[in-house]
Amino acid sequence: MREAGRLPPGQSLTLKWPVLHEGSVPRFDPATWDFQVTGLVEKPLRLTWDEFTALPMKDVVADMHCVTRWSRFDVRWRGVPFTELMKLISVKPDAKYVMVLAERGYTSNVPLADLLQPTTLFALEHNGEPLPAEHGYPVRLVVPHLYAWKSVKWVRGVEFMAQNAPGFWEQNGYHIYGDPFREQRFSG
Ligand SMILES: Nc1nc2c(c(=O)[nH]1)N[C@H]1C(S)=C(S)[C@@H](COP(=O)(O)O)O[C@H]1N2
Ligand SMILES: [Mo]
């Protein structure tokens, strides 16, 4: 055990990797895939697959906590840190929140400060292999310190916002922030 209290309250450890998402697994076509940055930026940005995968990458080993009460320890991700994306854009000073956008209209809102954490990345690999399709191939966001519904699979872009706004699960009763150690599962 790396530290006591590593398992958040109300969670159980799993050694498997459950698959959890709304809808079906989208198809990936590198010729049409893009990553779009919109909202409160000086200039919107569009990256092609080749441009996105040329960005610097690093490894992050982190635990994963789903609001449905399973946690996985020591998940190894490799991908593009959110801070690398920040180097390509000028965010306007009033941008404080981000809507993360995925295939099929899935969204989740995350404060910009949380995305700037060194452990937040756009993961392309898991344990040295490309992400399995059902786990977000080709790219998913990983925000390990929040409940995993914020770790958006099949991510396609981010929109910078001045005000917080609920994403898909947040509109359906999940907590607007989602800290597993404070058991922020549901709103209200
Ligand atoms: N695009 C998309 N990303 C998503 C979801 C989803 O429904 N659609 N579900 C979230 C939820 S609730 C969880 S717990 C994790 C599960 O990731 P996994 O299937 O790789 O374990 O993905 C998150 N990312
Ligand atoms: Mo979840």
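Modeller: This is a predicted model, and its accessible surface comes to about 9,200 Å², of which carbon and sulfur atoms hold 52%.

Biologist: How many helices and strands does the protein have, and what radius of gyration goes with them?

Modeller: The protein has four helices and 11 strands. For 188 residues the globule rule gives 16 Å, and the protein comes close to that value, so it is as compact as a globular protein of that length, with a radius of gyration of 16 Å.

Biologist: What percentage of the residues in the protein is buried?

Modeller: A residue counts as buried when its relative accessible area is under 20%. Applied to the 188 residues in the protein, this cut-off gives a buried share of 47%.

Biologist: Among contacts between residues at least 6 apart in sequence, what share joins residues at least 24 apart?

Modeller: A contact here requires heavy atoms within 4.5 Å. Of the contacts in the protein between residues at least 6 apart in sequence, the share that joins residues at least 24 apart is 68%.

Biologist: The structure holds aromatic pairs; what is the geometry of the pair formed by Phe28 and Trp49?

Modeller: There are 17 aromatic pairs in the structure. In the one formed by Phe28 and Trp49, the ring centres are 4.9 Å apart and the planes stand at 65 degrees, and because planes over 60 degrees apart fall in that class, the pair is edge-to-face.

Biologist: Where in the chain do Phe28 and Trp49 lie, and are these two residues buried or exposed?

Modeller: Phe28 lies in the loop between strand S1 (12-13) and strand S2 (34-39), while Trp49 belongs to helix H1 (residues 49-53), so the pair links distant parts of the chain, 21 residues apart. Phe28 has a relative accessibility of 18% and Trp49 a relative accessible area of 16%. With the cut-off at 20%, Phe28 counts as buried, and Trp49 is likewise buried.

Biologist: What class does the pair of Tyr106 and Phe168 fall into?

Modeller: Tyr106 sits in the loop between strand S6 (97-102) and strand S7 (107-111), and Phe168 in helix H4 (residues 168-171), 62 residues apart. At 17% relative accessibility Tyr106 counts as buried, whereas Phe168, at 26%, counts as partly exposed. Their ring centres are 5.6 Å apart with 45 degrees between the planes, and the pair is tilted.

Biologist: What is the phi of Arg69, and what is that of Trp154?

Modeller: Arg69 lies in the loop between strand S4 (58-65) and strand S5 (70-81) and is partly exposed, with a relative accessible area of 41%. Trp154 is found in the loop between S10 and strand S11 (155-161), and at 7% relative accessibility it counts as buried. Neither is a glycine, yet phi is positive in each, at about 90 degrees for Arg69 and, for Trp154, about 55 degrees.

Key
Residues numbered from 1 in each chain as written. Chains lettered and ligands numbered in written order. Predicted model: local features only at pLDDT ≥ 70, side-chain atom pairs only at ≥ 80, totals over all residues. Heavy atoms only, no water. Rg over C-alpha atoms; globule rule 2.2 N^0.38 Å. Buried < 20%, exposed > 50% of the residue type's maximum accessible area, 1.4 Å probe, protein only. Areas by Shrake-Rupley, 256 points an atom, 1.4 Å probe, with all protein chains shown as cover. Phe/Tyr/Trp six-rings, centres within 6.5 Å; stacked < 30°, edge-to-face > 60°.
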